[in-house]
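I opened this notebook page to record how the parts of one chain are arranged and where they touch. My entries follow the order in which I looked things up.

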Amino acid sequence: MFAEKYADRVEFLTPSSIRKMMAIAKELVAHGKTVYELNIGQPDIECIPEFCEAIEKKAKTGQLNYSPYVGEKYLRETYARYLNNFFDRRSKAHLVIDTENVLVTVGASHALTSTFLTVCNPGDEVLTIEPYFSPYKGFLAIAGGTLKAIPTRAEDNFALPSAEEMEKLITPKTRAIIFNSPNNPSGHIYNAKEVECLARLCIKHNLFLISDEVYREMTIGDQEAFSVLQLDLGDEEMNEKLKNALIVIDSASKTFSLCGVRIGFVISRQPILEKIGLVVAHTTACVSDIMQYGVAGAYDAILSRPDYLENMRSVYRERLEETMRAISEYLPDVVAPKPDGAFYIMIKFPEFEDITEFCHFMLEKFNLGGETVAVTPAGGFYLTRDRGRNEIRIALVVSPEKMRRSIQIIAEALKAFRQFKVNLVRPML
Ligand SMILES: Cc1ncc(COP(=O)(O)O)c(C=O)c1O
């Protein structure tokens, strides 16, 4: 009845599978069911205390005001110091970030939407590495753009196709390549050679290279992530072109367990940031000033005590190890590559063609001692038709004991589901 009143762009917006499962899980929890919510990257770790202290201090001033549209200078300065320090502490050569290279946004989500609105016209295309963070599709749809896949496979350890193969995917409408490392959902970290290959492709075809580094701090294997900011293409002209192509996305959400605070960043050359900043100004006016003060407190704190992040990494490593052990114990027939970063595991169930029905069955119809598990069917992380339909993604967002229990519940739910399907096809009297 209202359809003809809506703009065309909302036709392309549908709730993601992550959000659908979240809504059902929340409803069940409200009715007293215990649900291990492994379906969303919402860390259970307590947020860094310096955030709360800074918020309290700011609130007590009684002055909560509009902020400059590019963000509070104090936060932009602190973040630039943090980012330079991130590389310096590891003795990695890098492009030096200044306050003017930092724009504050309402989480990485807003950083991405604003970036797409800045670089894409309706009908334009952006390439992304598949499996990919599924909300990119909607963020880009707001700008009228279409996301196209660079397919990779768990069986090849998510290695990128050759430059020649990727080049075939570039059309006159392509405006950018976006990639995310460490990767959600695969946990893969792209190495220096792969990142350089993407950069050279972007320079050759005059594209932006958008590097989503929200899991920069979340390395849970032996490998460090390689940032686009570490690239050196060997000659001045190429490095100059590189600087004009780079757009880095970051967020306080995962680093400090501050998902609900909604502070993110775009890091780029000043003229690019100025344009993205205007999109921010014309969509949200500015970002919450009190939250910016809180987040500045958090980045400031880790400059003097980086052990906060080391502790966080060990918490996730412990969960990962226990979950991998539980998977090999309870789910011997699945394929589950061990991730190097972020905090997700993709699990492939070869016995299924489409695992969505099982995920809903486990959440809505099954329990083991009153407990069940919410997981995300992974089809939404692929653009290529029929890929990922027998995979799920789980997030390492509860204690090692609860992760183990969740895997046990999934195994028991599988047995119950098989029986449920057998009963369905039994002939009736
Ligand atoms: C790869 C990736 N990029 C961006 C985001 C969005 O983060 P934010 O909470 O800052 O909007 C997420 C959140 O899960 C993510 O996984």
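Entry 1, domains. Working from a predicted model, I looked up the separation of the two domains and found that the C-alpha centres of domain 1 and domain 2 lie 26 Å apart. For the bounds, I noted that domain 1 is made of 3-45 + 308-421, whereas domain 2 covers 49-306.

Entry 2, the contact between domains. I then looked at what each domain gives to the contact, which takes 35 residues from domain 1 and 36 residues from domain 2. On the side of domain 1 that touches domain 2, the elements that give two or more residues are helix H11 (307-330) and strand S9 (344-348), and the largest share of that side, 7 residues, comes from H11.

I next turned to helix H2 (residues 49-60) and helix H10 (residues 289-304), which pack at an angle of about 140° with their axes 7 Å apart. Since only angles over 145 count as roughly antiparallel, I put H2 and H10 down as oblique to each other. I also recorded that H2 passes H10 in a right-handed crossing.

Entry 4, residues of the pair. On the H2 side I listed Glu50, Phe51, Glu53, Ala54, Ile55, Lys58 and Ala59, which meet residues of H10 including Ile290, Tyr293, Val295, Asp300 and Ala301. The residues of this contact of H2 with H10 divide into 10 nonpolar, 2 polar and 4 charged.

How values were computed: Residues are numbered from 1 along each chain as its sequence is written. This is a predicted model: local features need pLDDT of at least 70, side-chain atom pairs count only at pLDDT 80 or more; totals for chains, interfaces and linings use all residues. Axes are lines fitted to C-alpha atoms, for helices over the stretch in contact, and angles run from 0 to 180 degrees between N-to-C directions. Angles under 35 degrees count as roughly parallel, over 145 as roughly antiparallel, 65 to 115 as roughly perpendicular and the rest as oblique. A crossing is left-handed if the near helix is turned anticlockwise from the far one by less than a right angle, and right-handed if clockwise. Two residues are in contact if their C-beta atoms, placed from the backbone, lie within 7 Å. Ala, Val, Leu, Ile, Met, Phe, Trp, Tyr, Cys and Pro count as nonpolar, Asp, Glu, Lys and Arg as charged, and the others, Gly among them, as polar. Domain bounds come from an automatic or database domain assignment.
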